[in-house]
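Please look over the structure shown below.

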Amino acid sequence: MENPPASPSSAACGISHLGNDLLENIIGKLPAQSFASAACVSRTWNDVCCRILSRPLIASAISLNPSFTEAMKEVVGKVLSGPIRPHFAILCICSTFDLDEAHRLIAQKLGSNTPLITCNAGGVIGREALTDQFNEVMFPYYDEDDEFVNIAEKQGISLTVGYLPGLKVDVIPLSYPIEGHSIDKFVVNIRDFSASASGCTSPQAIFLFGDSQADMKPILEKLDYALSEQTVIAGNESCRFRWARSNSPFNSEFECERVHFYGAVGLVFASDKNTPEGAWKIDFHFAVGTGVTAFGPTYTVVSAKLRGSEFASWLTAKREGENETLDGEQILDDLANNIDMGMGDPIHDYDLYIGVTKRRKYSIGSEKVKAVTSLSYHSVQRGDEQYLYVHGLDIKTRDSFRFYVTDPRFASRQCDLVSENFRRIQHKDVIGSFLFSCCGRGAMFFGEPNVDSLPILNNFPSIPLAGMFCGAEIGRGPSMLAQSGPEQDTGSARTCLHVYSSIYVLISCSQPSCRP
């Protein structure tokens with residue numbers, strides 16, 4: 001008669017007799033799911049697991065497999081191949097894949113306790129799960145006949161998970177309609193979460209994702225007013241997304257019913273005031289690689305007619321210091337005739353923007369009103385004998401503006417500058433990086449691949465890099481690593497919503513202090 005199989009508890013006891021060092025070596029090689037099970041076996045095993053996973057960790061991978069099911073298997077297998085307890089997750093997919101199905105599958109894999117954002121994007125940036133090869137990949141785009149280009153070669157996904165002991169992480173949504181009250185409530189919810197976690201109303205960082213139908217400018221302006229200058233905000237201004245909060249059971253039907261009522265969602269990182277003494281200290285580092293350069297004189301808005309139905313503004317303006325009011329045609333002729341672009345091509349061959357410097361007053365509830373100066377980009381549509389037509393609203397009489405043009409050579413120099421600035425923090429223990437880059441950049445913009453990623457690859461080649469190409473890139477944070485941005489041309493003005501730029505966020509951790 002054969003002996004009955006050993007029970008799990010007796011097997012655990014047998015293994016534990018091998019000694020904690022050997023046990024730690026064995027458990028340390030387990031994938032994430034088995035590691036989580038091992039931590040539940042006994043108090044001894046849990047202590048061993050805590051020692052193994054004592055350090056903050058970021059794991060990220062991309063897959064270019066045209067089969068979504070296979071691509072999901074590849075990235076999940078890679079990021080969960082070792083011990084990790086996900087404190088958050090971001091899944092980025094090609095728009096040709098089903099967003100609801102993707103969100104449902106990844107939520108099942110990670111469980112209901114993991115704050116999760118699933119979004120689509122213009123492309124992914126990172127290392128492939130199977131080959132570890134680095135890639136910046138643009139997803140399918142439409143040509144002039146509204147047909148997809150290179151579908152077979154342009155599909156894929158990326159998955160990033162993070163374990164950040166010492167921080168609390170959760171998802172905060174912004175509901176429609178996006179107006180003063182709902183924006184204020186969104187900001188208050190972020191501040192309340194941060195205050196509950198850390199005792200401070202400003203979190204360390206927010207990864208923000210905006211709905212493609214939403215106007216993110218007023219949201220970002222209110223966040224910029226309400227939060228500390230040290231709070232890093234980065235993300236994708238225009239996408240479709242799904243989300244799940246921590247400790248909230250995932251219900252796919254409920255989420256799908258509600259999703260159309262949310263204009264933005266933030267993944268919020270706040271310090272944990274209950275972190276024990278000697279724990280790791282985590283910092284976020286921010287930088288901008290600008291892709292547009294200013295040229296021409298400064299203009300002052302004389303009249304601004306806002307067309308909400310067209311989401312456009314009709315402007316007349318005058319040169320600063322002069323009295324003649326110019327219409328749109330005169331303004332563009334003035335630029336074409338008198339400004340040497342230094343690029344050998346006419347102005348209309350480039351994507352043209354105006355950067356509007358405006359001073360607005362903000363408050364939340366009964367708080368004291370505060371005036372904030374900001375820089376806001378608006379794409380130029382055309383000019384005629386009446387007006388200069390630009391995309392976007394909230395431009396007022398007496399606002400000033402300059403013209404900005406996309407410039408790959410300037411953008412390349414900015415990447416070099418970001419790389420130089422990153423060398424200043426090479427002494428820090430950087431564990432992961434995030435890159436939000438305009439979908440107008442990439443190899444077609446620079447004429448060579450991976451330029452946007454070089455500041456990270458050159459300085460921190462071994463860390464995970466999780467990136468995406470965005471409709472428009474959100475970026476706001478301390479300026480010590482981004483001193484060369486267009487804000488230099490506008491004094492104290494700061495922009496939170498960029499064009500043709502790359503937003504970099506590095507995460508570092510400091511060694512725990514020794515107990516006395």
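At what angle do helix α5 and helix α6 pack, and how far apart are their axes? Helix α5 (residues 68-79) and helix α6 (residues 99-110) pack at about 30 degrees, with axes 12 Å apart. This is a predicted model, in which local features need pLDDT of at least 70 and side-chain atom pairs count only at pLDDT 80 or more, while totals for chains, interfaces and linings use all residues. Residues are numbered from 1 along each chain as its sequence is written, and side-chain values use heavy atoms, with hydrogens and water left out.

**The chain and its confidence**
- The protein chain has 13 helices and 23 strands; helices (H or I, at least four residues) and strands (E, at least two) are DSSP runs numbered from the N terminus.
- Of its 516 residues, 53% count as buried, that is, under 20% relative accessible area with a 1.4 Å probe, protein chains only.
- The average pLDDT (the predictor's confidence in each residue, from 0 to 100) is 84, and 79% of the residues score at least 70.
- Over residues 1-12 the pLDDT stays under 50, and the model has two contacts beyond four places in sequence for them; a contact means heavy atoms within 4.5 Å.
- Residues 248-260 also have pLDDT below 50, with 15 contacts beyond near neighbours in sequence.
- Where pLDDT is low, the predicted coordinates should not be read in detail.

**Helices α5 and α6**
- The angle makes α5 and α6 roughly parallel to each other, a label for angles under 35 degrees.
- Axes are lines fitted to C-alpha atoms, for helices over the stretch in contact, and angles run from 0 to 180 degrees between N-to-C directions.
- Phe68, Met72 and Val76 in α5 meet Ala102, Leu105, Ile106 and Lys109 in α6.

**Helix α7**
- Helix α7 (residues 180-198) has 19 residues, so at 1.5 Å a residue it should span 27 Å, and its end C-alpha atoms are 27 Å apart, which agrees; the expected span is 1.5 Å times one less than the number of residues.
- Its buried residues include Ile183, Phe186, Val187 and Ile190.
- The buried residues of α7 pack against β7 (167-175), β8 (205-211), α8 (217-226) and β11 (262-271).
- After α7 comes Gly199, with a positive phi near 85 degrees.

**Helices α7 and α8**
- The axes of α7 and α8 come within 10 Å and cross at roughly 40 degrees.
- Residues of α7 including Ile183 and Arg191 meet Pro218, Ile219, Lys222, Leu223 and Ala226 in α8.

Methods
Buried means under 20% relative accessible area, exposed over 50%, partly exposed in between (1.4 Å probe, protein chains only). Angles under 35 degrees count as roughly parallel, over 145 as roughly antiparallel, 65 to 115 as roughly perpendicular and the rest as oblique.
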